[in-house]
Amino acid sequence: MVQAETEEKAAAKALYEARAMDIRDEKQIHAAAKLEKNLEGVIHQQEEKERLLSKRADAAVSLLRIKSNAEEEYKEAYVHDKRAAWKEVRSSEEGEEEAQQRLA
């Protein structure tokens, strides 16, 4: 009878330890799943950040192209205006010379 009680206590202790190990394993599995979910969230955030940075870089390149085109158009207009003004001055000077030759 004493031996039966001892075996029963040993079996109960083994069962308790097995349940405790199962509980620890379940907690570790739950913790691992939670970490995996958090990691997926971090990865998603990083991908979104990279996507937004890419869009921002594309926008910056577009703005630089627009600025460059605007500067080029300004330079062309400036040169055109200078040439037109110079032609006007030359034709005016030629007109004055002709007028002086007629008077002379």
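Is tyrosine 74 buried or exposed? I looked up tyrosine 74 and found 58% relative accessibility, so it counts as exposed (over 50%; buried is under 20%, partly exposed lies in between; 1.4 Å probe, protein chains only).

**Ground rules.** I am reading a predicted model, where local features need pLDDT of at least 70, side-chain atom pairs count only at pLDDT 80 or more, and totals for chains, interfaces and linings use all residues. Residues are numbered from 1 along each chain as its sequence is written, and side-chain values use heavy atoms, with hydrogens and water left out.

**Aromatic rings.** I found one aromatic pair in the structure (ring centres of Phe, Tyr or Trp, its six-membered ring, within 6.5 Å). Tyrosine 74 and tyrosine 78 form this pair, and it is stacked: 6.4 Å centre to centre, with 25 degrees between the planes (under 30 degrees is stacked, over 60 edge-to-face, the rest tilted). Both tyrosines lie in helix 1, four residues apart, about one turn of the helix (helices are DSSP runs of H or I, at least four residues, numbered from the N terminus). Tyrosine 78 is partly exposed, at 44%.

**Salt bridges.** I searched the whole structure and noted two salt bridges (a side-chain nitrogen of Lys or Arg within 4 Å of a carboxyl oxygen of Asp or Glu). Arginine 51 meets glutamate 48 at 2.4 Å, N to O. These two sit three residues apart in helix 1 (residues 2–103), so about one helical turn separates them. Arginine 51 is partly exposed at 37%, and glutamate 48 is partly exposed at 31%.

Glutamate 71 bridges to lysine 67, with the closest N and O atoms 4.0 Å apart. Both lie in helix 1, four residues apart. I read 41% for glutamate 71, which is partly exposed.
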